[in-house]
Amino acid sequence: MLEIVRTAARIALTFVPVILIKNHKTKRKLRAAEASGDLELAEKVRTIRHRTVFFHVLLFIPVFIFWATILASLERTPLTGRWRLILLSPEEEEDISSQLAGPGWYQAVGEILSRDGTAPQLIPPSDWRLSWVKDTLPPAPHGIPGPPYALIVVDKSDSSNAFSYGFGPDGGGGIVVFSGFLDDIMEKYPSIYDDTPPVPESSWWSSLFSGLFPVAPTQPPHPMPTEEQTSELAILLAHELSHLILSHHLETLSSGSIIWPGILSITTDIIRAVLFPVTMLFGPFVNDALAGLGKYGSGEFTKLTEYCTSQKQEVEADIVSASGGSSYIA
């Protein structure tokens with residue numbers, strides 16, 4: 001829908017430089033007519049007035065469509081009721097969900113984890129750490145779409161973090177936990193060790209691991225996680241699960257890929273159209289420079305808005321997982 005607004009705005013703005021130039025020429029003729037006492041002055045005034053009205057209508061149409069689109073795209077976040085913009089149709093949401101369902105989620109997450117040029121090394125299904133995380137992951141609340149959720153634990157000791165990604169049922173959303181976070185928990189609280197060797201797990205899930213990612217070796221012997229350690233892990237998992245329940249992935253896609261790039265594109269088009277009577281005197285290089293500056297500014301502004309959006313989402317996930325959402329998640 002925002003693309004329709006941008007197209008309407010570009011069509012309308014095409015006539016803006018012509019109107020501005022004609023009005024400028026007409027005003028010059030008016031000044032000359034006033035000096036000579038020309039009787040056709042009133043007719044020329046009416047011409048300017050008509051052009052001005054047409055100019056305002058051209059600008060009003062895309063503005064009206066834009067705000068109508070914004071109002072139509074407002075929705076409340078599940079559980080918290082926060083107003084947000086989702087400029088994705090139900091068909092687009094279903095398409096995203098189907099692309100991430102099943103192995104699609106693992107492939108998408110693998111691309112994210114491989115952005116630094118190195119393939120991620122995953123904890124194998126037979127590792128006690130993966131079993132611990134799977135057993136600690138709380139079920140989603142009844143009636144909330146999405147489960148079962150996918151889960152992988154990345155063997156990366158220098159990263160004490162986790163993130164959620166995706167949207168939709170059939171494993172279309174899931175959580176990625178880095179082993180560095182588990183190491184920090186184990187160091188923070190005393191552990192009880194178990195020398196019993198782990199039992200290898202055989203399933204389609206383990207087959208998928210071996211086909212998509214290199215697998216880290218199992219760590220024997222392993223500690224028995226204590227109640228304090230499990231509680232610490234549960235807090236992190238509940239936070240990431242809240243992101244999935246609140247469909248923050250759709251909000252990020254809508255904000256970072258559609259809303260702000262579209263708004264900045266429309267704003268840049270308006271500035272270029274208004275300045276065109278001046279910039280056209282300097283040739284295409286100045287116009288190209290303005291276009292490039294608009295694209296650069298769009299990229300930087302999008303990063304800023306994504307940061308602001310993510311901050312809101314983090315606070316909201318904390319609220320849902322720690323207070324109001326504890327009755328749903330625990």
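This is a chat about a predicted model of one protein chain.

Me: Before I dig in, what kind of model is this and what are the rules?
Reply: A predicted one, where local features need pLDDT of at least 70, side-chain atom pairs count only at pLDDT 80 or more, and totals for chains, interfaces and linings use all residues. Residues are numbered from 1 along each chain as its sequence is written, and side-chain values use heavy atoms, with hydrogens and water left out.

Me: OK, how many helices and strands in the protein chain?
Reply: Twelve helices and seven strands. Those are DSSP runs numbered from the N terminus: H or I with at least four residues for helices, E with at least two for strands.

Me: And how much of the chain is buried?
Reply: 41% of the 330 residues. Buried is under 20% relative accessible area, exposed is over 50%, and partly exposed is in between (1.4 Å probe, protein chains only).

Me: Let's do the sheet with β3. What's the strand order?
Reply: β3-β5-β4, an open sheet of three strands with mixed pairing. Two strands pair if DSSP finds at least two bridges between them.

Me: Which strands stand at the edges?
Reply: β3 and β4 (162-166), each with a single partner strand, so one side of each has no neighbour in the sheet. Neighbouring strands here are turned by 20° against each other on average, direction ignored.

Me: How many bridges join β3 to β5?
Reply: Five, and the two strands run parallel; β5 is residues 173-178. Ile152 stands opposite Val176 in β5, and Val154 stands opposite Phe178.

Me: Is β3 enclosed or open to the outside?
Reply: Largely enclosed by the rest of the structure, because five of the five residues of β3 (residues 150-154) are buried. Ala150, Ile152 and Val154 point one way, Leu151 and Val153 the other, and all are buried. In a regular strand the side chains alternate between the two faces of the sheet.

Me: What lies across β3 and β5?
Reply: Helix α7 does, running at about 55° to β5. Axes are lines fitted to C-alpha atoms, for helices over the stretch in contact, and angles run from 0 to 180 degrees between N-to-C directions.

Me: How does α7 pack with α6?
Reply: At an angle of about 85°, with the axes 12 Å apart; α7 is residues 179-188. That makes α6 roughly perpendicular to α7. For the labels, under 35 degrees is roughly parallel, over 145 roughly antiparallel, 65 to 115 roughly perpendicular, and the rest oblique.

Me: Which residues make that contact?
Reply: Trp128, Arg129, Trp132 and Val133 from α6, with Ser179, Leu182, Ile185 and Met186 from α7. Contact means heavy atoms within 4.5 Å.

Me: New topic: how many aromatic pairs in the whole structure?
Reply: Three. Rings of Phe, Tyr and Trp (its six-membered ring) pair if their centres lie within 6.5 Å; planes under 30 degrees apart are stacked, over 60 edge-to-face, and the rest tilted. One of the pairs is Trp105 and Tyr106, edge-to-face at 5.1 Å centre to centre with 90° between the planes. Trp105 is buried, with a relative accessible area of 0%, and Tyr106 is buried at 3%.

Me: Why is the Trp128 and Trp132 pair called stacked?
Reply: Because the planes are at 25°, with the ring centres 6.0 Å apart. Trp128 and Trp132 are four residues apart in α6 (residues 128-136), which means about one helical turn separates them. Both are buried.
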